[in-house]
Amino acid sequence: MSEPVKVLVTGAAGQIAYSLLYSIAKGDVFGEKQPISLVLLDIEPMMAVLDGVVMELQDCALPLLADVIPTADESAAFKDIDVALLVGAQPRRQGMERKDLLKANVKIFKSQGAALDAHAKKTVKVVVVGNPANTNALVIAQFAPSIPKENFSCLTRLDQNRAQAQVASRLGISNENVQRTIIWGNHSSTQFPDLAHAVVHVNGKLMPAQEAIKDDDWVKNDFIKTVQTRGGAVIQARKLSSAMSAAKAICDHVRDWWFGTGERWVSMGIISKGDYGIKEGLMYSFPVQISTDRVVKVVPGLTISNFAREKMDATQAELIEEKDCAFSFLEA
């Protein structure tokens with residue numbers, strides 16, 4: 001057996017983590033032969049709940065789970081980790097302005113960035129899930145300057161999976177027969193789910209998704225709106241936010257980063273280097289391919305229509321506004 005991969009999950013007593021931890025510990029993410037050391041970070045008032053989570057993980061008797069370390073201490077949590085899954089964040093409460101949410105999360109991710117910088121391996125891969133995910137990821141990267149910027153990402157795979165599922169449902173095909181759906185921009189209601197480059201397998205034939213759908217109005221309106229607002233629809237139905245689907249998307253994101261994507265395209269939030277006219281330094285979701293040595297590259301050369309350009313710029317504008325707001329609190 002190889003040395004355990006040390007994986008930190010924050011917000012570990014929460015409902016997303018509850019759906020996530022079992023999949024990681026049983027080998028769904030890092031492979032069926034890779035031992036795992038799980039570090040579970042949450043705030044002090046959640047420690048009793050976290051003890052229950054630890055008991056359940058122990059009671060699963062999973063052969064790959066080398067150990068489980070529950071803690072409320074950031075220094076201990078970030079020590080020598082290989083992967084950081086930052087699920088925990090300040091949730092938006094009733095009556096809370098977006099700027100208040102940004103201010104609360106800047107404090108959290110500034111502190112975690114300092115701990116990451118001081119204690120984690122320099123090769124650590126960081127995935128920010130807690131919202132506003134794109135901007136939280138920028139903040140933590142700012143405060144962990146010794147970690148390469150390429151090692152930071154935020155989760156938009158859930159949006160990609162939602163988009164893929166909508167197309168599959170519309171065409172009456174399985175999800176695996178839908179490829180190259182793209183999420184551009186922010187993990188918010190301004191994100192742009194794009195089918196212009198998507199392809200589908202229908203009746204044994206590979207064809208452009210839009211050609212198979214034959215409904216441009218649906219593609220440009222209902223489809224986009226459904227994906228953009230799906231999180232809210234889940235909350236309205238469950239009275240709780242997405243957990244099972246979010247955990248599945250985190251697993252997808254990390255597995256592809258760890259092992260590579262081959263010829264597939266996946267969407268993930270990464271720090272822009274100026275591709276497709278997106279401002280450098282923004283944490284923006286792009287279609288990417290990942291090599292077996294874990295290098296992430298934006299899919300090049302895609303034709304961007306005027307419709308797409310408008311949508312991509314709108315979500316960029318929101319991200320610039322969020323970044324400026326968040327970083328103003330850092331300067332205060």
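**Talking through the model**

Colleague: Which helix is the place of Gln 316?

Modeller: A word on the ground rules: this is a predicted model, where local features need pLDDT of at least 70 and side-chain atom pairs count only at pLDDT 80 or more, while totals for chains, interfaces and linings use all residues. Residues are numbered from 1 along each chain as its sequence is written, and side-chain values use heavy atoms, with hydrogens and water left out. Helices (H or I, at least four residues) and strands (E, at least two) are DSSP runs, numbered from the N terminus. On that numbering, Gln 316 belongs to helix 11.

Colleague: Is Gln 316 buried or exposed?

Modeller: Buried means under 20% relative accessible area, exposed means over 50%, and partly exposed is in between, using a 1.4 Å probe and protein chains only. Gln 316 has a relative accessible area of 10%, so it counts as buried.

Colleague: How far is a polar atom of the Gln 316 side chain from the backbone nitrogen of Lys 279?

Modeller: Take contacts first (heavy atoms within 4.5 Å): leaving out residues up to four places away in sequence, Gln 316 touches Gly 277, Ile 278, Lys 279, Leu 282 and Tyr 284. A polar contact is a pair of N or O atoms within 3.5 Å; within protein, one must be able to donate a hydrogen and the other to accept it, and residues adjacent in sequence count only if both atoms are side-chain atoms. For the Gln 316 side chain and the backbone nitrogen of Lys 279, the distance is 2.6 Å.

Colleague: And Ser 272: a polar atom of its side chain lies 3.3 Å from the backbone oxygen of which residue?

Modeller: Ser 272 is in the loop between strand 12 (266-271) and strand 13 (283-290), and its relative accessibility is 3%, so it counts as buried. Beyond four places in sequence, Ser 272 touches Ile 278, Lys 279, Glu 280, Gly 281, Leu 282 and Phe 286. The backbone oxygen 3.3 Å from its side chain belongs to Lys 279.

Colleague: How far is the Asp 42 side chain from the backbone nitrogen of Ala 12?

Modeller: Asp 42 is in the loop between strand 2 (36-41) and helix 2 (47-59), and at 13% relative accessibility it counts as buried. Among its contacts beyond four places in sequence are Gly 11, Ala 12 and Thr 71. From a polar atom of the Asp 42 side chain to the Ala 12 backbone nitrogen is 3.2 Å.

Colleague: How far apart in space are Val 129 and Cys 154, C-alpha to C-alpha?

Modeller: Val 129 lies in the loop between strand 5 and helix 5 and counts as buried at 9% relative accessibility. In sequence, Val 129 and Cys 154 are 25 residues apart. In space, C-alpha to C-alpha, they are separated by 6.1 Å.

Colleague: What is the relative accessibility of Gly 130?

Modeller: Gly 130 is placed in the loop between strand 5 (125-128) and helix 5 (133-142). Not counting residues up to four places away, it touches Leu 86, Val 87, Gly 88, Ala 89 and Asn 136. Gly 130 counts as buried, with a relative accessibility of 5%.

Colleague: Where is the kink in helix 8 centred?

Modeller: Helix 8 (residues 216-228) reaches 17 Å from its first C-alpha to its last, close to the 18 Å expected, with the expected span taken as 1.5 Å times one less than the number of residues. The bend at a residue is the angle between axes fitted to the seven residues ending there and the seven starting there. The kink of about 30 degrees is centred on Asp 222.
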